[in-house]
4 protein chains.
Amino acid sequence: MRVGVLTGGGDCPGLNAVIRGAVRKGVQEYAYEFVGYRDGWRGPLENDTVPLGIPAVRGILPRGGTILGSSRTNPLKAENGIRRIKDNLAKAEVDALIVIGGEDTLGVAARLHDEYGVNCVGVPKTIDNDLSATDYTFGFDTAVGIATEAIDRLHTTAESHMRVLVVEVMGRHAGWIALHSGLAGGANVILIPEQRFDVSQVCEWVTSRFRATYAPIVVVAEGAAPQDGDAVLKDGSLDSFGHVRLSGVGEWLANEIERRTGKEARTTVLGHVQRGGTPSAFDRWLATRFGLHAIDAVRDGDFGRMVALKGTDIVRVPIAEATAKLKTVDPELYAEVGVFFG
Amino acid sequence: MRVGVLTGGGDCPGLNAVIRGAVRKGVQEYAYEFVGYRDGWRGPLENDTVPLGIPAVRGILPRGGTILGSSRTNPLKAENGIRRIKDNLAKAEVDALIVIGGEDTLGVAARLHDEYGVNCVGVPKTIDNDLSATDYTFGFDTAVGIATEAIDRLHTTAESHMRVLVVEVMGRHAGWIALHSGLAGGANVILIPEQRFDVSQVCEWVTSRFRATYAPIVVVAEGAAPQDGDAVLKDGSLDSFGHVRLSGVGEWLANEIERRTGKEARTTVLGHVQRGGTPSAFDRWLATRFGLHAIDAVRDGDFGRMVALKGTDIVRVPIAEATAKLKTVDPELYAEVGVFFG
Amino acid sequence: MRVGVLTGGGDCPGLNAVIRGAVRKGVQEYAYEFVGYRDGWRGPLENDTVPLGIPAVRGILPRGGTILGSSRTNPLKAENGIRRIKDNLAKAEVDALIVIGGEDTLGVAARLHDEYGVNCVGVPKTIDNDLSATDYTFGFDTAVGIATEAIDRLHTTAESHMRVLVVEVMGRHAGWIALHSGLAGGANVILIPEQRFDVSQVCEWVTSRFRATYAPIVVVAEGAAPQDGDAVLKDGSLDSFGHVRLSGVGEWLANEIERRTGKEARTTVLGHVQRGGTPSAFDRWLATRFGLHAIDAVRDGDFGRMVALKGTDIVRVPIAEATAKLKTVDPELYAEVGVFFG
Amino acid sequence: MRVGVLTGGGDCPGLNAVIRGAVRKGVQEYAYEFVGYRDGWRGPLENDTVPLGIPAVRGILPRGGTILGSSRTNPLKAENGIRRIKDNLAKAEVDALIVIGGEDTLGVAARLHDEYGVNCVGVPKTIDNDLSATDYTFGFDTAVGIATEAIDRLHTTAESHMRVLVVEVMGRHAGWIALHSGLAGGANVILIPEQRFDVSQVCEWVTSRFRATYAPIVVVAEGAAPQDGDAVLKDGSLDSFGHVRLSGVGEWLANEIERRTGKEARTTVLGHVQRGGTPSAFDRWLATRFGLHAIDAVRDGDFGRMVALKGTDIVRVPIAEATAKLKTVDPELYAEVGVFFG
């Protein structure tokens, strides 16, 4: 049995732990061979491989990033992309493919399996924790930990200078990182993409916090937007690759707070720091178990499926179903956390 | 409504987050009053209280330990202990009691409720994560994180000197901390109380690891014991309070490994470092939600119950049932992790 | 003897350690009384004080910020500012004043002492480490540690995606934080305010790094500027207090790199995270010793002087002299570090 | 020019940074070739080498331990040891040798240079910071940081349970780690090898601390000893290599405190955790500069010398002189810190 492995999309602490888990168990217990594909779907598309075995996975558990590299290459947009992948896999005598990625990457895996009969097993990866069908994705806990530590540090600055500090964290479509790190960091306002925020309400919370003689911390997900006036968030400029630049809701909000409350406000944008570096113990545990269970799914011939966390168990769900719906913050949970606002 | 709060047993990062969560929501949303009892059951037994309100819980979220203090005072062993508690609560006009503790502390709460009709709500606390009925207890993630970081550090020393390093972690009856930190830290052997270990097997793993030109790390739970010869683990000496001293399975095992393999072995006993200091983001999230849900149980008059984590939900279970059985490591899970041994 | 204490300017991890050191030794060994002044020079200007004694300094050693608060209030700009301070100190029967602050704050102390005979002792504080007369200032080591950890984390993201990552760190006039964290973090380019940078050279380093199959990290001090075209760095807009907004050299540079090299580039601005939170062990040691020696200077009647670090010794230097010249990065030292560029 | 490099004695965070600094500058600026010797003096003694160049030093800056391995092999005790090393270096056409090590390792380098004319340059390494002629050695700051973080964590446990916590840290002959981490961690008693301690005095400090309603932390260097009764510290048993086991002053002291004060006391022995893992930013800076300056000494033909830190400068001193005297804690400095005891 020859098993291919690839990692697609944005990087996430724990990717290496998944790879190591699958390879260690595959080689030792099932005597499988492995082929590493470089840079996500670009690897099988262009037949770009690296040797993958016990030596390659030594010492990678605590390392962030992915030894296989990653990319956002979408074979659905390449001419005959899916077919070329199928052919390349066949030529390389790869019997099964472990696909570690988010919605886009797994979507390709689902089509490869459903339409072309390629033996795919999925492993969910999204630092934003917004994939349904799994309680948590690895990398999320690390990101929340980094953001929480930053918020902890900002409290002292906020209080020494009686300033408002706005912290912009990751989360384009789902506010999980903002919600968890905001609660854990003792933020006074948490704003998420799931619910448009009212700037006046934010300013009231800010003001009431100052009355209690403490300086407020506002945590805002990068994808959060005000109820009106969101046009101001659209920067409109393009980067050198033609992508529209995000406008920076954090910076915008700090300006609004200054203007409306007369209090000094500063912004910190945590950015890529949140997704780099060594994974937390929780993420190493989860990612390793995903790897171990993915190779078991291969052994069981249980293809078209994705490993997922349910409580403390690793289960298998159809890939297609798993990526069908974004997992967003439930309004009830947001309300629960709201008791700490202001 | 007047609500008493106490924390019993060994301390655990996250206790203050529970207290803060309950008080913030109780005061703000339900206009409850609070009474803090000092040092676990000693508080209501001797009517030793501290004021508890919004000012008392300010800034305590990131702080380890418990602002209420703790003790192992067992009212079941005090003369008329339970009755005195009931009377003291009545005199202080306390309508409900939130009891944060482990098996022993919650056992008293169960009896107080079941036999004396005291309005108790339980919050599970055990750093060892060995309470059934909840997926995780707070403090556990922090302890695992600290142990994992220590193991990370020990790898370099192990390899620079080609020594065996034995790390003794917490876990008297359940090996959860050893299992999670050992896996996350990339240990080569993990020994847990649930399965007596075979020293020859351990030495084989150690030796095979050296053959792969790496130095081994052995993680052992303090409650783990060898298949035979465990007599050597009993030190027999008493401390000044008459408790038998633990013998130190780590030190014993390092000696055995040196003797049998001829390789130098060193021991690190992490000890209390694992249970102190600021809680991880995961534990702050879990503990805060336990606090929020405990006060909701009080509001609902849902007494004799304990909050618990199931997947990502906080649920309620009968206190008595929850503490009936120790949650130990499943042999199947231990076998799953065993792929990394040697 | 009554001793006043104040902290002025931007906050810095270690301020509380200085206060604690001075108060502990002053009370215990010399039986002095203390008066805490709030918010830097605003305190003595408006006679705004807080009680300061052993209870007030308990547990503050590991806490960032300052229990006395801070401000940038400049009494030289207030009507009769210096005279009012002198009078208020006299009315409060304050015999000596310990002034903890940077260039501006200490400049006032020098004038108060030299022109008005007020008994001032200075303690140097600048997170940028740019005060001459002292080898290091406290807070700097903490800031460097935080920036280094962030750079460590960014490496994995840089390499997984083969992107350029630009990290903007503190340092308006001196590049110490950039230099130390850049070297410690293994950055491939470090840009400091002391030497205008050549964007083409930066792009060459970036390109050569990619050829070595690694992704580059560029660390840039907020005050660094290109050799020409620096006009683009001036944003021109004003915040709500009328301050000109800094333009963000990091963002500007990332754009230039993208445009010129065709490689994706991302920016992380660490901001206030660098100056908050618990001080490093080094900074706690240094700040505590500054506090102990400041109170000794008071006891010795050695006024108009500032404590400073020379090697491992704490010495005393004239305040005026100490702040006369900015301590910038020596070109030779910058060249020494340059061996790692590219 | 061919340059050999070796690392001897106990490992220390920063060894890899020294190697990298020397190799990067040597290859890039001076076009030198390098030979890595394995396991300290065993390498040149047995002609055991590894290739050393730019690829070998990539990515090692943040890694603890040493890529060259280490040992305590003493060529002075091997038959014709020094002569064999001289011959092996000649055969391998090694023109100069960079020796990174402590007192013992550098002592051999001094003799090799002085008596046999071998071109040695020394780099001081001792985690205990007890080498004279340098203000600090790398690794020390990392060890102090780890110990301080542990003490921070133990405070909460100490206070929640009102227990005495004894923390045993490294330092056989010098108390630098105890002194710095004890001060930085806010310990209530610090005991160092340089001054025999009086157990009654320790117990008084412990008791007085409890009266102030806080629980005490006692930091003790592993080499500290009581004024009398030190016999009890000698365990007498031998490990499998015939070394006398250290008795554990921490454990002994905790017992004495319990016995004499009636308060519960617990011990934490930090052990090897202090010397493993990634170096602090301070140590990366210092170690890298040592490497850069060591290769400059080679280029200058300045042999028989050791690089050292004086203030913020790297200087060169004779190896022999540098190791002649142990750098111990000055009684005056110990007294300065003593203001925080009790």
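In this short talk I will go through the interface between chain C and chain A, and then turn to one helix of chain C. Please keep in mind throughout that what we are looking at is a predicted model.

Let me begin with the interface, where 41 residues of chain C and 41 residues of chain A take part in the contact. Between them, chain C and chain A bury an area of about 3,100 Å², and carbon and sulfur atoms account for 50% of that area. On the chain C side, the residues that lose the most area to chain A are Arg153(C), Ser160(C) and His272(C), which together make up 22% of what that side buries.

If we ask which elements of chain C give two or more residues to this side, they are α6 (140–161), α9 (249–261) and β11 (265–269), and α6(C) gives the most, with 10 residues. Sorted by type, the residues on the chain C side comprise 8 nonpolar, 20 polar and 13 charged. Across this interface, 0 salt bridges are found by the rule, while the count of residue pairs in polar contact, both at pLDDT 80 or more, is 10.

Now to the helix, α10 of chain C, which runs over residues 281–299 and so has 19 residues by the numbering of the model. From its first C-alpha to its last, α10(C) reaches 27 Å, which is close to the 27 Å expected at 1.5 Å a residue. Is this helix mostly covered or mostly uncovered? It is mostly covered, with 18 of the 19 residues of α10(C) buried. After α10(C) comes Gly301(C), and its phi is positive, near 65°.

How values were computed
Residues numbered from 1 in each chain as written. Chains lettered and ligands numbered in written order. Predicted model: local features only at pLDDT ≥ 70, side-chain atom pairs only at ≥ 80, totals over all residues. Heavy atoms only, no water. Contact = heavy atoms within 4.5 Å. Buried area = accessible area lost by both parts, 1.4 Å probe. Salt bridge = Lys/Arg side-chain N within 4 Å of Asp/Glu carboxyl O. Polar contact = N/O pair within 3.5 Å; in protein donor to acceptor, adjacent residues only side chain to side chain. Helix = DSSP H or I, 4+ residues; strand = E, 2+ residues; numbered from the N terminus. Nonpolar A, V, L, I, M, F, W, Y, C, P; charged D, E, K, R; others polar. Expected span 1.5 Å × (residues − 1). Buried < 20%, exposed > 50% of the residue type's maximum accessible area, 1.4 Å probe, protein only.
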